[in-house]
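Subject: Structure handover

Hello,

Here is the structure I said I would pass on. Please open it beside this email as you read.

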Amino acid sequence: MSTPDYHIKSYCRISNGKISKNGEVLFSDDSEEFPAFIKAAYKHFETDYSKFFKMDNLSKLAFIGAEVLLKDNNEENTALVLSNSASSLDTDRKHQNAISDQSGAYASPAVFVYTLPNICMGEISIRHKLYSENSFFIFAEFNPHLLSDYANDLLETGQANEVLCGWVDYDKGKYDAFLYVIAKKGLLPFDTGELTKLYRTK
Amino acid sequence: MSELKLELKEKIIEQLNLEDVSVDEIADTDPLFGEGLGLDSIDALELIVMLDKDYGIRLADPKEGRKIFESIDTMAAYITANRTN
Amino acid sequence: MNNIYLSHNNIVSAYGFDSASAVDSIKNEVSGLSLVDDSKILPNPFYSSLIPQDNLSKAFQKLNPQEDYTRLEQILLVSLANTLKESGLELTDKVGLIVSTTKGNIDVLDADSPFDENRAYLSELGKKIETFFGFKNEVIVLSNACVSGVLALAVAKRFIHQKRYDHVFVVAGDLVSQFILTGFNSFQALSELPCRPYCKTRAGINIGEVGCSVLVTKDEDHLVNESVRIIGEASCNDANHISGPSRTGEGLYRSVVSAMNQANIEAEAIDYISAHGTATMFNDEMEAIAFNRANLQNTPLNSLKGYFGHTLGASGLLETIIGMYSLHSNTLFASLGFQELGVSQPLNIITETTAKESSIFLKTASGFGGCNTAAIFQKVNS
């Protein structure tokens with residue numbers, strides 16, 4: 001189903017050691033581990049934001065994806081509608097390990113605060129000064145139909161002027177992000193078939 | 001005391017994920033919050049956990065933290081006076 | 001815009017297994033909080049409101065389950081089964097399902113849990129609810145910190161508005177667990193006594209648990225006496241800090257103003273505010289600032305945390321359902337635990353159950369990640 005009024009303004013893919021924008025590879029790195037990969041990406045994009053290093057893996061992934069798409073963003077009313085399958089389980093397991101430690105259970109507030117999937121949207125909102133709606137959905141897999149319905153409603157009712165949508169998943173060392181901005185004007189038609197195609201192009 | 005101060009600096013850098021900050025860059029009298037190292041409220045909570053876990057000090061009132069965590073000097077003095085391990 | 005309503009509803013709580021049991025207790029200013037001594041959750045006793053497992057098991061067995069379900073799944077299934085039955089709706093391809101939760105089956109991460117760790121995936125939890133009742137559509141799980149429960153109503157509205165569904169069942173719940181309590185404890189956020197929202201002597205949160213559910217529908221033929229219409233809703237981030245409430249109440253203020261604009265009403269039209277009121281120092285202060293900026297300082301306001309504690313991903317829905325009964329019975333419920341105002345700006349806290357002709361209420365919630373949601377509801381049978 002296509003929505004004639006809106007377009008895909010830009011899109012970003014992060015997977016398999018590569019970061020691309022609108023189909024063009026901006027950065028690649030053969031670090032095996034995600035933390036080294038994402039840190040190299042942070043340096044590559046010359047991001048000067050020390051709080052990045054306090055974030056959990058999911059937030060780092062979403063944050064870098066948003067950097068790629070929102071760097072020169074001047075639309076304050078850009079809503080964030082993100083989704084994934086693993087929620088914040090990577091950090092949940094860290095918190096669980098800390099409180100189950102037989103030698104002394106100490107919860108870390110800096111870990112606990114990231115045991116919610118929407119925190120990554122809070123980080124993006126702070127970075128880009130977005131006083132907009134944030135919604136985080138959990139699906140078994142990327143679901144462009146439901147996300148598109150949701151984005152359409154935000155745009156049609158004027159609750160947002162643009163929407164940063166997509167999929168940002170981090171689980172057991174594996175990462176997968178596909179973020180895109182829906183706006184009045186853009187590169188491609190806002191179409192769930194198009195989104196599925198772009199998502200599958202790794 | 002200077003050993004403790006070095007230990008605190010290392011722990012702060014490690015546990016609060018201060019990237020690209022080295023031990024030499026933190027002076028004993030530098031403010032840890034606000035202008036200085038730029039620590040925030042979550043870091044303060046993390047330091048309260050550190051006091052308990054590593055030095056056996058439990059703060060009766062978390063607001064006490066504000067004074068204790070002013071600088072490496074104040075932290076070291078408080079730990080030396082109150083540590084139980 | 002088409003009218004969208006809240007209708008059949010259910011609350012599974014420490015008070016009982018229907019909305020009426022909770023509403024009656026609140027009317028009588030009876031707290032559901034009690035001292036819980038469970039060292040598996042926290043070393044020291046803590047105040048909470050828990051759903052009694054014996055009664056839950058009994059209610060759940062009546063649904064004739066064919067396999068083992070986790071405690072949270074049982075709570076959600078018992079609540080939703082009741083709402084589904086009352087509604088009498090057939091589950092066609094125009095009926096959606098939204099599950100609102102922050103942590104879902106997080107207790108299965110504990111090594112002692114008899115359930116597989118995979119059960120912690122929220123889509124697994126959603127799938128269990130969807131298949132138990134045979135929903136034709138894929139479940140939508142919303143996990144957006146402490147605004148989830150009220151945001152879920154906005155989400156349901158949007159999918160109906162987009163014509164994907166005619167009716168949406170929203171079910172919400174979170175458990176009282178070691179995972180959650182140790183976390184809030186590390187934030188120095190737990191009160192050792194029953195919580196006192198907006199009070200001078202407030203000392204933090206109690207965490208409680210409920211499961212609740214509601215039918216969101218566009219169909220006027222499926223309404224109940226306490227039904228309300230959603231006339232405005234908005235969510236705005238503080239863009240300030242991931243855990244600390246904004247010092248200016250920015251996101252909450254913007255949410256409230258935007259929801260009022262959508263509803264096309266002024267502040268004076270709001271009869272009652274069902275606020276978030278967790279009873280932490282910073283949250284309640286932030287709310288007071290935001291409500292004053294929105295010119296709502298004289299509007300009667302309560303927090304229901306003194307009855308249930310903070311029920312996390314369920315709280316926004318739970319408190320909306322109570323608000324529906326508040327309008328229907330033209331009764332303002334007391335903000336339990338409050339004695340003397342302890343925020344820097346004036347607020348009109350409801351100190352005892354009071355009769356008041358009411359037609360419109362505002363529900364707000366705020367959470368980690370800087371999120372805020374405001375929703376405005378209008379009585380249908382006025």
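Predicted model: local features only at pLDDT ≥ 70, side-chain atom pairs only at ≥ 80, totals over all residues.

Residues are numbered from 1 along each chain as its sequence is written, chains are lettered from A and ligands numbered from 1 in the order in which they are written, and side-chain values use heavy atoms, with hydrogens and water left out.

Over all chains there are 35 aromatic pairs (rings of Phe, Tyr and Trp, the last by its six-membered ring, with centres within 6.5 Å; planes under 30 degrees apart are stacked, over 60 edge-to-face, the rest tilted). One of them, Y49(A) with F63(A), is stacked, at 5.2 Å centre to centre and 20° between the planes. Both Y49(A) and F63(A) are buried (under 20% relative accessible area, 1.4 Å probe, protein chains only). F178(A) and Y180(A) make a tilted pair, because their planes are at 40°, with the centres 5.2 Å apart. F178(A) and Y180(A) are also buried.

The charged end of R127(A) sits over the ring of Y49(A), 4.8 Å from its centre (CZ of Arg or NZ of Lys within 6 Å of the ring centre and within 35 degrees of the ring normal). R254(C) places its charged end over the ring of Y131(A), 4.0 Å from the centre.

An aromatic cluster is formed by F27(A), F34(A), F37(A), F45(A), Y170(A) and Y175(A).

Lastly, an unreviewed UniProt entry lists "domain: Carrier" at residues 2-83 of chain B (in the numbering used here, with feature names shortened; annotations may be inferred rather than shown by experiment).

Regards

Note on methods: Buried < 20%, exposed > 50% of the residue type's maximum accessible area, 1.4 Å probe, protein only.
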